[in-house]
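Here is a short tour of one protein model. Keep the sequence and the structure side by side as you read.

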Amino acid sequence: MYAVIKTGGKQYRVAAGEKIKIEQIAAEVGQEIVLDQVLAVGNGSELKVGTPLVSGASVKATVVAHGKHDKVRIFKLRRRKHYQKHQGHRQQFTELQIDTIAA
């Protein structure tokens, strides 16, 4: 069984037992959270798609860790103008362990 959830402006396909990294959320490590924005639920060849959400569906997950992704380097250059700009960014994430999918 799998589900397509929406969190942090992105969509993720999840199944029970998987670990995923999502945009950082305000939750403590070890805390159980419920993701109720479920867009679709599938089981084998059967697929239930919501309009836009599947009513009564939810995904329970446990917060495993918080962290930062690898650094993304931004470099801007204007040729022959003596203009260079260096910038970096590290996006924060929350790692979740998917426990159960309730449809």
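## Ground rules

Two residues are in contact when heavy atoms of each lie within 4.5 Å. Leave aside residues up to four places away in sequence, and Leu77 touches Tyr83 and Gln84.

This is a predicted model: local features need pLDDT of at least 70, side-chain atom pairs count only at pLDDT 80 or more, and totals for chains, interfaces and linings use all residues. Residues are numbered from 1 along each chain as its sequence is written, and side-chain values use heavy atoms, with hydrogens and water left out.

Leu77 sits in strand 8, residues 72-78. Strands here are DSSP runs of E with at least two residues, numbered from the N terminus. The relative accessible area of Leu77 is 45%, so Leu77 is partly exposed.

Now follow the chain into the loop between strand 8 and strand 9 (83-89), where Arg80 lies. His82 is in the loop between strand 8 and strand 9 as well. Is Arg80 buried or exposed? Arg80 is exposed, because its relative accessible area is 67%. His82 is exposed too, with 84%.

Most residues other than glycine have a negative phi, and most peptide bonds are trans. Arg80 is not a glycine, yet has a positive phi of about 65°. His82 is not a glycine either, and its phi is positive at about 60°.

Which two residues does a cis peptide bond join? They are Thr51 and Pro52, with omega at about -5°. Pro52 is found in the loop between strand 6 (46-49) and strand 7.

Leu53 has its place in the loop between strand 6 and strand 7 too. Leu53 is partly exposed, at 37% relative accessibility. Beyond four places in sequence, Leu53 is in contact with Gln37, Val38 and Leu39. Leu53 and Leu39 are 14 residues apart along the chain, but their C-alpha atoms are separated by 4.7 Å.

## Charges

How many salt bridges are there? The count comes to one salt bridge. The term means a side-chain nitrogen of Lys or Arg within 4 Å of a carboxyl oxygen of Asp or Glu. The partners are Glu23 and Lys10, at 2.8 Å from N to O. Glu23 belongs to strand 3 (residues 19-23) and Lys10 to strand 2 (residues 10-15), so the pair ties together parts 13 residues apart in sequence. Glu23 is partly exposed at 22%. Lys10 is partly exposed at 38%.

For charge, Lys and Arg count as positive and Asp and Glu as negative, while His and the chain ends are not counted. Apart from sequence neighbours up to four places away, Glu95 touches Lys19, Ile20, Lys21, Thr62, Val63, Val64 and Ala65.

Lys68, Lys71, Arg73 and Arg90 form a positively charged patch on the surface. For such a patch, residues need over 30% relative accessible area and no salt bridge, and like charges are joined within 9 Å. A charge is placed at NZ of Lys, CZ of Arg, CG of Asp or CD of Glu. Areas come from the Shrake-Rupley method with a 1.4 Å probe, and for residues only the protein chains shown count as cover. Lys68 lies in strand 7 (residues 58-68). Lys68 is partly exposed, with a relative accessible area of 45%.

Ser58 is in strand 7. Ser58 counts as buried because its relative accessibility is 17%. Leaving aside neighbours within four places in sequence, its contacts are Val34, Leu35, Val38, Thr100, Ile101 and Ala102.

Met1 comes in the segment before strand 1 (2-7). Met1 is partly exposed at 47%. Beyond four places in sequence, Met1 is in contact with Ala15, Ala16, Val41, Gly42, Asn43, Ile101 and Ala103. Met1 and Arg73 are 72 residues apart along the chain, and 38 Å separates their C-alpha atoms.

Technical notes
Helices (H or I, at least four residues) and strands (E, at least two) are DSSP runs, numbered from the N terminus. Buried means under 20% relative accessible area, exposed over 50%, partly exposed in between (1.4 Å probe, protein chains only). Patches are made of residues with over 30% relative accessible area and no salt bridge: like charges are joined within 9 Å, nonpolar side chains (Val, Leu, Ile, Met, Phe, Trp, Tyr) within 5 Å.
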